[in-house]
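Open the model in your viewer and keep the selection tool ready. This tour goes from stop to stop.

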Amino acid sequence: MKLLSKIATVLCSTMALTLMVNQSAAAGDFVGVRQIAAPSKERGGALAVTIWYPAEACGKPVTLGENPFFAGTDAMLEAPISRGKFPLILLSHGAGLGGTPEAMSWIATPLARQGFIVAAPLHPGNGGALRSAAETMKLWLRPADITASLDAVARQPFFEDHLDPGKVGALGLSMGGNTVLALAGARIDPDRLARYCDTDAFNPSLCGWVRESGVDLHAMDMKPAGRNNEDKRIRFAMAIDPAPVDVFQGGTFSGISIPVGIVNLGKPGQIPPTALASGIAGAIPNGTYSVIGDASHYSMFGECKPGAAERAASEKIGDPICSDGDGRSRADIHKRLIAMVAEAFDRALKTRR
């Protein structure tokens, strides 16, 4: 086995040298991806955690996040990790069609290319074939998934010599934004969460699915919802169109001690109230707020394939998953979002204090 390992190392090194000579490849051109298991007492089993990282030119080419609606993103499965130490970004995905780590490949891959290790657990029941309305609404379980993932990545021999000590951040999109706010120290109000789907005023798409699934939020045990999920190892948090933001205890935002960046997608007045977070950003002592006016909440999905909008309509998806703001393509919106996120995490985690 040792001989085979040495042969594989030589082959990878030869491949990397060949690519650099023939293609003038620069450091950071390659992104590796692998999956680990994170033990979770909360979930009663192991979480599947997908990890993207700066890599050498080796591994098996794979495409992550591709499905009948969205294009995927390329990476190198099980590629050797690049030399050096890198900050860690813990990524929390949304629900529904965006309810898997692979659906976030469009942002995770470029972040790894820019010198971050990005780790995203699959939040059970929030997407994919085992999607469950009841599990999706147990928002208080999601932060513990991130904490368990941080524990597992830190114990991995593959990564332990490449993690920059103390340089840990959290990034959340949509429902993942709610998750990272909880990790930063905000607390959910159990009564607000129980009342969330009493009407369609907050989130007609999500609450319609909850009711169709026969889930009564008032009948669920909401006592754990108000617990403290803060993880003090996280030094910076960033939430993009966090939802739902209207289920938190408002007074808990003023107690958040780390910097938090919040981005809303859409023109002022058109941002869904359940995602509108300008007031929250203002209540956080070291909070910042930005808006991308020519985007929409659906801009957080991957780039739509030709005919995806028509297919979504024919399959009665219900949401305009290929709809963005006025005058800008989803590819351009993604470029801007990636640049904003990379700059924010560079400033928060790479600057030596």
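Select Lys316 to begin. Lys316 sits in the loop between helix H10 (308–314) and H11; helices (H or I, at least four residues) and strands (E, at least two) are DSSP runs, numbered from the N terminus. Is Lys316 buried or exposed? Lys316 is exposed, with a relative accessible area of 75%. Here buried means under 20% relative accessible area, exposed over 50%, and partly exposed in between (1.4 Å probe, protein chains only). Phi of Lys316 is near 55°, a positive value in a residue other than glycine.

A word on the model before the next stop. This is a predicted model, where local features need pLDDT of at least 70, side-chain atom pairs count only at pLDDT 80 or more, and totals for chains, interfaces and linings use all residues. Residues are numbered from 1 along each chain as its sequence is written, and side-chain values use heavy atoms, with hydrogens and water left out.

**Helices H2 and H11**

Now select H11 (residues 330–350) and H2 (residues 105–113). Their axes come within 10 Å and cross at roughly 50°. Axes are lines fitted to C-alpha atoms, for helices over the stretch in contact, and angles run from 0 to 180 degrees between N-to-C directions. That makes H2 oblique to H11. Angles under 35 degrees count as roughly parallel, over 145 as roughly antiparallel, 65 to 115 as roughly perpendicular and the rest as oblique. The crossing of H2 past H11 is right-handed: the near helix is turned clockwise from the far one by less than a right angle.

Show the side chains. H2 brings Trp106, Ile107, Pro110 and Leu111 to the contact, and H11 brings His334, Leu337, Ile338, Val341 and Ala342. Contact means heavy atoms within 4.5 Å. This set has 8 nonpolar residues, 1 polar and no charged. Ala, Val, Leu, Ile, Met, Phe, Trp, Tyr, Cys and Pro count as nonpolar, Asp, Glu, Lys and Arg as charged, and the others, Gly among them, as polar.

**Ser174, then H6**

Next, pick Ser174, in the loop between strand E7 (163–173) and H6. Ser174 also has a positive phi, near 60°, and is not glycine. Ser174 is buried, at a relative accessible area of 17%.

On the H4 side, select Arg142, Pro143, Ile146 and Thr147; on the H6 side, select Met175, Gly176, Thr179, Ala182 and Leu183. These residues divide into 5 nonpolar, 3 polar and 1 charged.

Stay on Thr179 of H6. What does Thr179 touch, not counting residues up to four places away in sequence? Ser92, Arg142, Pro143 and Ile146. Thr179 is buried, with a relative accessible area of 0%.

**The cores**

Color the inside next. The largest nonpolar core has 67 residues, and those with the most contacts inside it are Ile51, Ile117, Leu193, Leu217 and Val260. A nonpolar core is a set of buried Ala, Val, Leu, Ile, Met, Phe, Trp, Tyr and Cys residues joined through side-chain atoms within 4.5 Å. H6 gives this core its largest share, 6 residues. Apart from it lies another core, of 38 residues, including Ala108, Ile292, Met300 and Phe345.

**Last stop**

Finish at Pro244, in the loop between strand E8 (236–240) and strand E9 (260–265). The peptide bond from Ala243 to Pro244 is cis, with omega near -5°.
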